[in-house]
Amino acid sequence: MEFNIALVASLMGDSSRALMLNALLGGKALTATELATYADISAQTASTHLNKLVEGQLIQVRKQGRHKYFQLKSYQVAEVLEGMLNLNAQLSATQTSCQDIKTGPNDERLRHSRICYDHLAGEIAVKAYDALLRKGWLVEDNLQLNLTESGKLNFASFGFNLAEFESSKRPLCKPCLDWSERKSHLAGTLGKWILDDAIARKWANRDLDSRAISFSESGLKHLSQRYDLETS
């Protein structure tokens with residue numbers, strides 16, 4: 001297929017399709033009705049938009065019985081969407097005085113901790129990323145991120161099976177610029193594992209109707225102790 005930035009841009013550029021893609025950025029598979037409601041459009045209009053997104057390979061369809069669900073095609077699509085949110089905020093900031101700049105969502109719960117496709121984002125995620133660097137479990141060099149031997153040993157003790165992910169085409173760990181904090185948080189298979197592990201241990205749970213990740217008081221304490229988060 002011929003490389004065509006204009007095609008991808010046009011698919012993302014429609015306001016209704018942009019809203020539906022943003023809804024899918026939460027990582028959940030959603031029905032056409034749910035996406036139509038989110039974008040405030042009719043079911044028929046939503047169907048037309050969804051067909052275009054499927055044909056453009058930005059989203060995919062999953063069938064469960066008689067029902068059809070839509071989700072982002074891959075984590076690469078999610079990364080592009082998150083990058084566009086950052087770019088939009090940066091461009092908006094040039095029209096605002098430095099004193100008035102506030103990046104990211106207005107919802108404090110989303111700013112605190114949210115899902116970025118399949119990994120943790122927000123204030124807590126950035127603190128975790130900084131802690132992993134400070135402890136020497138991760139090393140960053142010119143935006144290239146690697147898991148150190150110390151990191152491998154410690155994550156193995158938490159239950160992370162490195163061998164399970166080494167053959168994956170997806171990076172093990174990579175920095176992802178956070179929409180609200182404007183610092184890096186951890187993406188890749190390790191970033192996904194950290195979020196999945198926190199949810200499995202019931203330290204946190206996902207909101208049903210937003211991208212927010214809610215940590216219990218004890219869950220946040222456990223997370224902070226494990227990764228040595230600096231809290232204030």
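Asp228 is partly exposed, with a relative accessible area of 38%, a value that falls between the cut-offs of under 20% for buried and over 50% for exposed. The model discussed here is a predicted one.

**Asp228 and its surroundings**

- When neighbours within four places in sequence are left aside, the residues in contact with Asp228 are Ala131, Arg134, Lys135 and Leu223.
- Ala200 lies 28 residues away from Asp228 along the chain, and the C-alpha atoms of these two residues are separated by 20 Å.

**The nonpolar cores**

- The largest nonpolar core contains 29 residues, and those with the most contacts inside it are Leu132, Leu138, Phe155, Leu186, Leu190, Phe215 and Tyr227.
- At least two residues of this core are supplied by each of helix 7 (123-134), strand 6 (144-147), helix 8 (149-158), helix 10 (188-200), strand 10 (213-215) and helix 11 (217-227).
- Another core, of 24 residues, lies apart from this one, and Ala23, Val77, Leu81 and Leu85 are among its members.
- Tyr227, not counting residues up to four places away in sequence, touches Ala131, Leu132, Lys135, Trp137, Phe155, Phe158, Trp193 and Ile194.

- Gly159, which comes just after helix 8, takes a positive phi of about 110°.

**Helix 1 against helix 2**

- Two packed helices are described by the angle between their axes and by the distance between those axes.
- Helix 1 (residues 5-13) packs with helix 2 (residues 15-24) at an angle of about 85°, and their axes are 6 Å apart; the angle therefore makes helix 1 roughly perpendicular to helix 2, a description that applies to angles from 65 to 115 degrees.
- On the side of helix 1, the residues that meet helix 2 are Ser10, Leu11, Met12 and Gly13, while helix 2 contributes Ser15, Arg17, Ala18 and Leu21.
- The residues of this contact divide into 4 nonpolar, 3 polar and 1 charged.

Conventions
Residues numbered from 1 in each chain as written. Predicted model: local features only at pLDDT ≥ 70, side-chain atom pairs only at ≥ 80, totals over all residues. Heavy atoms only, no water. Axes fitted to C-alpha atoms, helices over the stretch in contact; angles between N-to-C directions. Helix = DSSP H or I, 4+ residues; strand = E, 2+ residues; numbered from the N terminus. Parallel < 35°, antiparallel > 145°, perpendicular 65-115°, else oblique. Contact = heavy atoms within 4.5 Å. Nonpolar A, V, L, I, M, F, W, Y, C, P; charged D, E, K, R; others polar. Core = buried A, V, L, I, M, F, W, Y, C linked by side-chain atoms within 4.5 Å. Buried < 20%, exposed > 50% of the residue type's maximum accessible area, 1.4 Å probe, protein only.
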